[in-house]
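Trainee: I am new to this structure and would like a close look at a single part, the place where the two chains meet. Could you take me through that part slowly, and then show me how it connects with the rest?

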2 protein chains.
Amino acid sequence: MRVEQILLEHGSGGLLSHELVAETFLPLLKNPYLEQLEDAAVFDSVGQRYCLTTDSYVVHPIFFPGGDIGSLAVYGTVNDLAMCGGKPLFLSAAFILEEGFPMQHLERIVHSMAEAGRRAGVSIATGDTKVVPKGAADGIFITTSGIGLISYAPRLSVRSIRQGDSVILNGPIGDHGATILAQREDLGLSTPVRSDSAPLNGLVMKILHASDQVHCMRDATRGGLGAILAEIAQQAGLEIIIEEKAVLVREEVRGICEILGIDPLFLANEGRMAVFCASEDCEKILQCMHDHPLGQQAAVIGKVRDNKRGRLILDTIIGGSREVDLPTGELVPRIC
Amino acid sequence: MRVEQILLEHGSGGLLSHELVAETFLPLLKNPYLEQLEDAAVFDSVGQRYCLTTDSYVVHPIFFPGGDIGSLAVYGTVNDLAMCGGKPLFLSAAFILEEGFPMQHLERIVHSMAEAGRRAGVSIATGDTKVVPKGAADGIFITTSGIGLISYAPRLSVRSIRQGDSVILNGPIGDHGATILAQREDLGLSTPVRSDSAPLNGLVMKILHASDQVHCMRDATRGGLGAILAEIAQQAGLEIIIEEKAVLVREEVRGICEILGIDPLFLANEGRMAVFCASEDCEKILQCMHDHPLGQQAAVIGKVRDNKRGRLILDTIIGGSREVDLPTGELVPRIC
């Protein structure tokens, strides 16, 4: 069925997001860089390999436990570069502000971006500010872009994933999504949740230093771990099998999911990533991850199998197994 | 006076825009790249010089004679790279869409971006799409970023401008601003105006090839020729004297300005630039500009004089002369 209007689901990271890219953006903008469909475009310039990425941030509310739209905009773009093996060189930041937006909020957000940049080791080198009349935007939207330098020789890509690869996850899932949901719904929680939003470039550099058999990395943002693994399985044409019991979910996040009837597998994360690597290097990668604050709970959560079908299979805690599809519908609009 | 809220004028390219940068962004984000205050950040990587730039586009209406938000977003960012002497390598595009936005409009816009990319010789290599609920944005906002490779050895910068430099303008001013205004106000014009929106990188490459004494280039976008020259004069600490009669304004643009009581000097352009160069190279630069479709009406409009005051002086047609200040107030919100 032809969709005549943009729906919230087009921004979900799920099925309609993919259709929009496949049916509108790719055919019209058609070029080999965009067609990589990775977190960033990878290109060579004067004998060096670089990556370029961009993301708009429209998160609501703009301030939340563990971060705000500013830190999110810095870490999100740093992480997209890191997933391609890129050391972030510089970021840009473009602000769309609604007339009447409190100056004090803007200052707090810019301050938080500066802090986040320091933590990630990257400068915001250039920017832009547009102001639209009251009612034409909701407070503040930030678009960050980043340029990264890649020195890891093997190509990190969905296309590098091989049968037998292990899948490592660096920590519990769903913290960011649950935090945003809890803020919106006023669930009156006794144990507060905090966004996992963090810069993954430091951890990634350790991993790439430890092994030359890392094949692909992907941060589990919009659509959650479920959506990114289902997407990768489809793109790679390989089956990914995940053990549910190996995927950590904090008690408080599980609680929020139960109240709202949501699967944590589809909740957004902003500091969690899946690493695909040759299984023989799995142990040394795990070891180096455990030494890093953002990888202390890293664990192997699954493996890659070639059975001619690109799909994600979840081996459940109760002993069954089920196929996980790209989510349809929009679970949480404006999650990032 | 401390401003407590964001005003439309903060996005005007005029006085409050400068205050926002000087008092909020620079002190918090503090780094030598941002402090260049050029159209793009220039940096070195592995022995090569690159530039990175970003701009958000919120123009209203999104379709107008001579272009649309899509072509504007491509040319605007290409031009910012060109002003630093950068050959555009790749662009990124991030879309913020309002729920309910017509798919047909999106397709028309993306198609126009692809066309614009082909004309400018650059690919959109990566992107992002966010959707916000109805009412949280006005239709579509696009943020493009770009990375460019600089091979021109002299540093193009406000700081390179010298006493005695000539100022060249490549064509008549105000077409873009007048077009957007005419669309909004329904002036019932007999001679329609068209935006001058165009990619300047081809013309710039010709200029840089012709002379190694180009000192600075700046496209006269938000705030118009008046704002960018007043800003440059201030930053350079030099006096710029412009001859009003040398600055071309189309009859129909002048008509719109008269109806609306607006000075064309402050109307936005999207394909016009000021070139500062050593006066001895002025003739050969003009000659090569005249050979290019976007420079056929290029003319020397003024010169740079050192009298210890950074200001813009206009020698008027009627024989007087007056100082031109950075505009205050917002002439035309959502002009780009």
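Mentor: Across the interface of chain A and chain B, 26 residue pairs are found in polar contact, both residues of each pair being at pLDDT 80 or more, a condition that applies here since this is a predicted model. On the side of chain A that touches chain B, at least two residues each come from α1 (15–29), β1 (41–45), β2 (48–57), β5 (86–98), α3 (103–120), β6 (123–132) and β7 (140–150) of chain A. Sorted by class, that side of chain A has 43 nonpolar, 21 polar and 12 charged residues.

Turning to the extent of the interface, 76 residues of chain A are in contact with 76 residues of chain B. The area buried between chain A and chain B is about 6,600 Å², and carbon and sulfur atoms give 69% of it. In chain A, the residues that lose the most area to chain B are Ile6(A), Met103(A) and Lys130(A), which together make up 10% of what that side buries.

Charged pairs also cross this interface. Side chains of opposite charge can pair when their charged atoms come close. Over all chains, a search of the whole structure finds 38 salt bridges. Among them is the one in which the side chains of Arg218(A) and Asp39(A) meet, at 3.9 Å from N to O. Because Arg218(A) lies in strand β9 of chain A while Asp39(A) lies in the loop between α1 and β1 of chain A, this pair ties together parts that are 179 residues apart in sequence.

Strand β9 leads us to a sheet in chain A, where 7 strands form an open sheet in the order β9-β11-β8-β12-β10-β13-β14, with mixed pairing. The edges are held by β9 (214–219) and β14 (321–324) of chain A, each with a single partner strand, so one side of each is left without a neighbour in the sheet. From one strand to the next, the twist averages 25°. Within this sheet, strand β10 (residues 239–243) of chain A and strand β12 (residues 299–305) of chain A run antiparallel and are joined by 4 bridges, and Ile242(A) stands opposite Gly302(A) in β12(A). Helix α8 (residues 282–290) of chain A packs on the sheet, where it touches β8 (166–169), β9, β11 (273–277) and β12 of chain A, and the direction of the helix makes about 5° with that of β8(A).

In chain B there is likewise an open sheet of 7 strands, in the order β9-β11-β8-β12-β10-β13-β14 and with mixed pairing. Its edge strands are β9 (214–219) and β14 (321–324) of chain B, each of which pairs on one side only, and the twist from strand to strand averages 25°. Strands β10 (residues 239–243) and β12 (residues 299–305) of chain B run antiparallel and are joined by 4 bridges, with Ile242(B) opposite Gly302(B) in β12(B). Packed on this sheet is helix α8 (residues 282–290) of chain B, touching β8 (166–169), β9, β11 (273–277) and β12 of chain B, and its direction makes about 5° with that of β8(B).

Finally, some details of the backbone deserve a look. Most residues other than glycine have a negative phi, and most peptide bonds are trans. The peptide bond from His60(A) to Pro61(A), however, is cis, with omega near 5°, and Pro61(A) lies in the loop between β2 and β3 (63–64) of chain A. In chain B the peptide bond from His60(B) to Pro61(B) is cis, with omega near 0°, and Pro61(B) is found in the loop between β2 (48–57) and β3 (63–64) of chain B. Arg334(A), although not a glycine, has a positive phi of about 55°, and its place is in the segment after β14 of chain A.

Notes
Residues are numbered from 1 along each chain as its sequence is written. Chains are lettered from A and ligands numbered from 1 in the order in which they are written. This is a predicted model: local features need pLDDT of at least 70, side-chain atom pairs count only at pLDDT 80 or more; totals for chains, interfaces and linings use all residues. Side-chain values use heavy atoms; hydrogens and water are left out. Contact means heavy atoms within 4.5 Å. Buried area is the accessible area (1.4 Å probe) that two parts lose on being put together, summed over both. A polar contact is a pair of N or O atoms within 3.5 Å; within protein, one must be able to donate a hydrogen and the other to accept it, and residues adjacent in sequence count only if both atoms are side-chain atoms. Ala, Val, Leu, Ile, Met, Phe, Trp, Tyr, Cys and Pro count as nonpolar, Asp, Glu, Lys and Arg as charged, and the others, Gly among them, as polar. Two strands pair if DSSP finds at least two bridges between them. Axes are lines fitted to C-alpha atoms, for helices over the stretch in contact, and angles run from 0 to 180 degrees between N-to-C directions. A salt bridge is a side-chain nitrogen of Lys or Arg within 4 Å of a carboxyl oxygen of Asp or Glu.
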